[in-house]
Amino acid sequence: MAEVKKRFDELDGLKIFFALGVVLHHYFTWEGGWKAENCPKLSTFIYVYGWLGVEFFFILSGFLMEHTYRKIIDALSFPQFMGRRLKSLYAPYLCAECVGILIIFIDLFLCQGQFLFHNGWRINIENIVRSFSMTALGWNVGTPVFMGGATWYINVLVLCYALYFAVLRVSKWFRIKPMYLYIAVMFISQSLYQMGINLPLLIDISACGYWCFFVGCILYNIQQSRIFNKKFYILALNVFVVSFLIIGHKVGIPEILGNIRLVFIFVVFPVLILTVENLPIAKKIFSCKVLTSAGKYSMDIYLSHNIVLLLAVIFNQYFGWNLNFASYKVLGCILLIIFAFAFVWHHAMAIVTPAFNRWFVNFITPAKAEKTE
């Protein structure tokens with residue numbers, strides 16, 4: 001059965017901003033050494049909280065998953081469903097992990113491992129098996145993936161897909177509306193995260209991934225209900241959120257906003273998605289060709305940016321370049337290199353992924369059951 005093919009161009013246009021937020025956060029961690037004064041004088045909030053872009057991607061994944069699979073999932077077995085999801089994820093993930101191993105060797109030989117190897121990024125059989133099998137971060141406590149700043153997201157996303165399939169099966173068996181189960185899973189995983197419970201498949205980052213993913217599923221159903229299809233409601237929501245954020249920024253974010261993660265996951269990101277879906281001017285802006293074209297490279301930027309950032313700090317140390325990472329020129333050059341590298345990465349994956357899937361996806365999903373694209 002064919003997948004639903006409608007594309008949300010306006011949501012593609014949003015992706016690039018959150019991918020850039022993650023890049024700036026990792027620039028802050030690697031090049032800035034966790035100190036905003038070592039970075040160009042942009043918003044400190046972006047440097048410190050740029051990682052919230054990953055939460056947005058989890059929400060967006062749940063939103064798009066509900067749109068694409070809700071009506072056809074009954075016709076798919078679990079291997080078929082996971083095969084469809086993995087065919088676009090696993091090859092880029094595996095390539096990123098392999099490059100991560102290469103960078104650890106570069107760090108080891110050029111800088112005696114001071115950046116990666118001595119910070120816990122070990123190359124051994126266990127780490128390789130767990131990383132290549134997507135069972136590292138998110139599945140259990142401990143072993144980092146080799147390109148952990150980015151690829152852990154895919155580890156957890158695979159768990160979200162499996163849980164989504166299970167939730168819809170349980171919904172069918174017990175004749176419960178899926179929305180009720182989405183809400184239950186969202187609150188259970190959020191509660192486990194808040195309690196700090198670390199169990200296999202329920203460590204903090206995987207629990208947060210489930211929570212955000214199912215916020216996206218719920219949000220899609222709210223969008224389909226057309227509750228917020230009137231401009232007045234959307235504008236009122238935006239006025240409230242923007243005012244709240246401005247006051248929080250002026251007075252003090254922790255004092256006004258409380259838990260930043262909660263505010264953005266439950267309020268800011270849902271309102272943003274509802275706005276670009278229901279407010280014509282916002283939809284027009286974010287679906288413009290420039291943003292949608294850039295948005296198509298967001299996952300490539302997300303997966304490959306750490307490669308450029310890590311090589312920059314390693315080569316700067318080894319060759320004695322004395323780069324001033326607080327300079328706008330240096331940041332601009334690194335961003336240009338990241339975008340150029342992501343462009344090359346995107347087109348390389350367009351060749352690698354279909355070739356890889358000829359055997360990998362058919363191994364996951366038997367060819368006789370479903371023809372691989």
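**Exercise 1. Find the surroundings of F165.**
Work out which residues F165 touches, leaving aside neighbours within four places in sequence, and place F165 in the fold.

*Solution.* Keep in mind that you're looking at a predicted model.
- Step 1: locate the residue. F165 sits in helix α6.
- Step 2: check the accessibility. The relative value for F165 is 7%, so F165 counts as buried, the cut-off being under 20%.
- Step 3: F165 and R70 are 95 residues apart in sequence, yet C-alpha to C-alpha they are 9.4 Å apart in space.

**Exercise 2. Describe how α4 packs on α6.**
Give the angle and axis distance for α4 and α6, then say whether they run roughly parallel or antiparallel.

*Solution.* 
- Step 1: geometry. α6 covers residues 148–174, and its axis lies 10 Å from that of α4, at an angle of about 175°.
- Step 2: direction. Angles over 145 degrees count as roughly antiparallel, and α4 and α6 are therefore roughly antiparallel to each other.
- Step 3: who meets whom. On the α4 side you'll find F78, F81, M82, R85, L86, L89, Y93, A96 and E97, and these meet T151, I154, N155, L157, V158, Y161, A162, Y164 and F165 in α6.
- Step 4: sort by class. The contact of α4 with α6 comes to 14 nonpolar, two polar and two charged residues.

**Exercise 3. Is I104 buried or exposed, and what does it touch?**

*Solution.* 
- Step 1: I104 belongs to helix α4, which runs over residues 78–111.
- Step 2: read the accessibility. With a relative accessible area of 0%, I104 is buried.
- Step 3: collect the contacts. Not counting residues up to four places away in sequence, I104 touches L116, F117, W121, I123 and F146.
- Step 4: look further along the chain. L311 is 207 residues from I104 in sequence, but the two C-alpha atoms are 10.0 Å apart.

**Exercise 4. Take apart the α1 and α3 pair.**
Find the crossing angle of α1 and α3, the handedness of the crossing and the residues that make the contact.

*Solution.* 
- Step 1: crossing. The axes of α1 (residues 9–30) and α3 (residues 52–69) come within 8 Å and cross at roughly 155°.
- Step 2: direction. α1 and α3 are therefore roughly antiparallel to each other.
- Step 3: handedness. The α1 and α3 crossing is left-handed.
- Step 4: contact residues. α1 contributes L11, L14, K15, F18, A19 and V22, while α3 brings G53, V54, F56, F57, L60, F63 and L64.
- Step 5: classes. The tally for α1 with α3 is eleven nonpolar, one polar and one charged residues.
- Step 6: length check. At 1.5 Å a residue, the 22 residues of α1 should span 32 Å, and the end C-alpha atoms of α1 are 33 Å apart, which agrees. For α3, the 18 residues should span 26 Å, and the ends are 26 Å apart, which agrees too.
- Step 7: burial. In α1, 18 of the 22 residues are buried, so α1 is largely enclosed by the rest of the structure. α3 is mostly covered, with 17 of its 18 residues buried.

**Exercise 5. Look at the positive phi values of W34 and R175.**
Find phi for W34 and for R175, and say where each residue lies.

*Solution.* 
- Step 1: background. Most residues other than glycine have a negative phi.
- Step 2: W34. Its phi is near 65°, a positive value in a residue other than glycine. W34 is in the loop between α1 and α2 (44–49), and at 58% relative accessibility W34 counts as exposed.
- Step 3: R175. Here phi is near 55°, again positive in a residue other than glycine. R175 lies in the loop between α6 and α7 (178–195), and R175 is exposed, with a relative accessible area of 81%.

**Exercise 6. Zoom out.**
How many helices and strands does the protein have?

*Solution.* 
- Step 1: count. The secondary structure comes to 15 helices and zero strands.
- Step 2: burial. Of the 373 residues, 50% count as buried.

Notes:
Residues numbered from 1 in each chain as written. Predicted model: local features only at pLDDT ≥ 70, side-chain atom pairs only at ≥ 80, totals over all residues. Heavy atoms only, no water. Axes fitted to C-alpha atoms, helices over the stretch in contact; angles between N-to-C directions. Helix = DSSP H or I, 4+ residues; strand = E, 2+ residues; numbered from the N terminus. Parallel < 35°, antiparallel > 145°, perpendicular 65-115°, else oblique. Left-handed = near helix turned anticlockwise from the far one by under 90°. Contact = heavy atoms within 4.5 Å. Nonpolar A, V, L, I, M, F, W, Y, C, P; charged D, E, K, R; others polar. Expected span 1.5 Å × (residues − 1). Buried < 20%, exposed > 50% of the residue type's maximum accessible area, 1.4 Å probe, protein only.
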